[in-house]
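Read the structure below with the helices in mind.

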There are 2 protein chains.
Amino acid sequence: MSNVTSDQPRLTAKGERTRGRIVEEAARLIYERGVAATTLDEIKAAAEVSGSQLYHYFPDKDELVRAVINYQANAIVTNQQHANLGTVKGLRAWRNTVIAASKSTEAKGGCPLGSLGGQLAESDPEARALIAAGFDLWSSTLSDGLQTLRAHGQLSSDINPDDLAVTILAALQGGLLLAQVQRSTRPFEIAVDTILALVAPKINV
Amino acid sequence: MSNVTSDQPRLTAKGERTRGRIVEEAARLIYERGVAATTLDEIKAAAEVSGSQLYHYFPDKDELVRAVINYQANAIVTNQQHANLGTVKGLRAWRNTVIAASKSTEAKGGCPLGSLGGQLAESDPEARALIAAGFDLWSSTLSDGLQTLRAHGQLSSDINPDDLAVTILAALQGGLLLAQVQRSTRPFEIAVDTILALVAPKINV
């Protein structure tokens, strides 16, 4: 996907690794603590870089947060593309993967991308636009899978795959938010399984 | 619903009004700007109270934020209870109301309760628990309506009203988050209408 830092000067292989480590550690800390509660000093310490190294790659926290948004969106969309939603078996495996992922964090942190939306949408327009672009790509990847399902006769032709993709993405996001505040993955499992059951007579999941 | 400040000393009618005005103005500013970006000074100015008045009712910002959570949850649940979801006509009117509400704010701010969850879940355990209680009550109010629908033969007996209520709430939350970051109510409308269309053959919405 498009990267806000794509116009940065070319980095050496070592520079890429250092930059990557900073973004990974920032993503981890921000996911655990939220954007406001994560300081550049903590990220510096976690990534084992000096202040001047950090500022070389990211002149301010906003820039780093935007790199984290791209990092999280890329990770999700790449996983989604590998999920092979165009088959019933793939859809069932995807359901198990997203529920296992939410259980592995005990529903803390919510969605790595969606939780950034909740925090930044009203305060950082550039971040908001990047998150929106990430959701668009996620939704269209979901829709690709659903269109393949329909082409294989597994999805009724009266369900619009684009609309269903937005609805599934909404249920994922909302289910993760409910799970996050209730500290239980149950609402997330219920939302995912109820949507699939509603669609089930047509796709035989 | 339960109120975190229910053990506060009894207030005079005037005191109740002042306290209510502070909470209302805090809710409005926090909805517009987010919790972190809203200062007590701004709330004081908006509610036209002195510093000592503000601190008399709310010793710190956390206390005030908790009162805002209760205020938003009460407002939503009261509206939900008046929506009369137990009839097909009521369900259709409710659909129109929630979509009109999201349009009126141009999808800014997201859900007044859910957006607080995204901001506070990882940093304030008491706030998180209050938001979870608000979602529980919202979900059970939704479920009451769906149970009435089922009792009237408008909802298939193979759909569990509690699970459907959680799923609809998840779709509302996620749809509002998508709408918030995309600055368009479309994803919200799509999520609500697609869920209702999936259930439609059974409840004739």
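Predicted model: local features only at pLDDT ≥ 70, side-chain atom pairs only at ≥ 80, totals over all residues.

The angle here is about 125°, and it is formed by helix H7 (residues 125–151) and helix H8 (residues 161–182) of chain A, whose axes lie 8 Å apart. The crossing in which H7(A) passes H8(A) is right-handed.

Chain B has a pair of helices with the corresponding numbers. The axes of H7(B) and H8(B) come within 8 Å and cross at roughly 125°. That angle makes H7(B) oblique to H8(B). H7(B) passes H8(B) in a right-handed crossing. Among the residues of H7(B) in this packing are Phe135(B), Trp138(B), Ser139(B), Leu142(B) and Ser143(B), and among those of H8(B) are Leu164(B), Ala165(B), Val166(B), Ile168(B) and Leu169(B).

As a general matter, nonpolar side chains in soluble globular proteins tend to be buried together. Setting aside neighbours within four places in sequence, Leu169(B) is in contact with Phe135(B), Trp138(B), Ser139(B) and Leu142(B) in its own chain, and with Gly174(A) and Leu178(A) in the other.

Those last two contacts lead to the interface. Here 42 residues of chain B are in contact with 42 residues of chain A. On the side of chain B that touches chain A, the elements giving two or more residues are helix H6 (114–120), helix H7 (125–151), helix H8 (161–182) and helix H9 (186–203) of chain B. H8(B) supplies the largest share of that side, 16 residues.

Now take chain A as a whole. Its secondary structure comes to 9 helices and 0 strands, and along the sequence the pattern reads α-α-α-α-α-α-α-α-α. How does the radius of gyration of chain A stand against that of a compact globule? With 205 residues, such a globule would have a radius near 17 Å, and the 18 Å of chain A agrees with this. The C-alpha trace of chain A spans about 60 × 35 × 30 Å along its principal axes. Of the 205 residues in the chain, 44% count as buried. Among contacts in chain A between residues at least 6 apart in sequence, 67% join residues at least 24 apart.

Helix H1 (residues 13–33) and helix H2 (residues 40–47) of chain B pack at an angle of about 125°, with their axes 9 Å apart. That makes H1(B) oblique to H2(B). The crossing of H1(B) and H2(B) is right-handed. Arg21(B), Ile22(B), Glu25(B), Ala26(B) and Leu29(B) in H1(B) meet Glu42(B), Ile43(B), Ala46(B) and Ala47(B) in H2(B).

The loops remain. Cys111(B) lies in the loop between H5 and H6 of chain B. Is Cys111(B) buried or exposed? Cys111(B) is buried, because 30 other C-beta atoms lie within 10 Å, and 20 or more are enough for that label. Not counting residues up to four places away in sequence, Cys111(B) touches Gln173(B) and Leu176(B). Cys111(B) and Leu172(B) are 61 residues apart in sequence, yet 8.4 Å apart in space, C-alpha to C-alpha.

Most residues other than glycine have a negative phi. Glu106(A) has a positive value, near 50°, and its place is in the loop between helix H5 (88–104) and helix H6 (114–120) of chain A. Glu106(A) is exposed, because the count of other C-beta atoms within 10 Å is 12, and 12 or fewer makes a residue exposed. For Asn84(B), phi is also positive, near 55°. Asn84(B) lies in the loop between helix H4 (61–82) and helix H5 (88–104) of chain B. With 14 other C-beta atoms within 10 Å, Asn84(B) is partly exposed.

Conventions
Residues numbered from 1 in each chain as written. Chains lettered and ligands numbered in written order. Helix = DSSP H or I, 4+ residues; strand = E, 2+ residues; numbered from the N terminus. Rg over C-alpha atoms; globule rule 2.2 N^0.38 Å. Contact = placed C-beta atoms within 7 Å. Axes fitted to C-alpha atoms, helices over the stretch in contact; angles between N-to-C directions. Parallel < 35°, antiparallel > 145°, perpendicular 65-115°, else oblique. Left-handed = near helix turned anticlockwise from the far one by under 90°.
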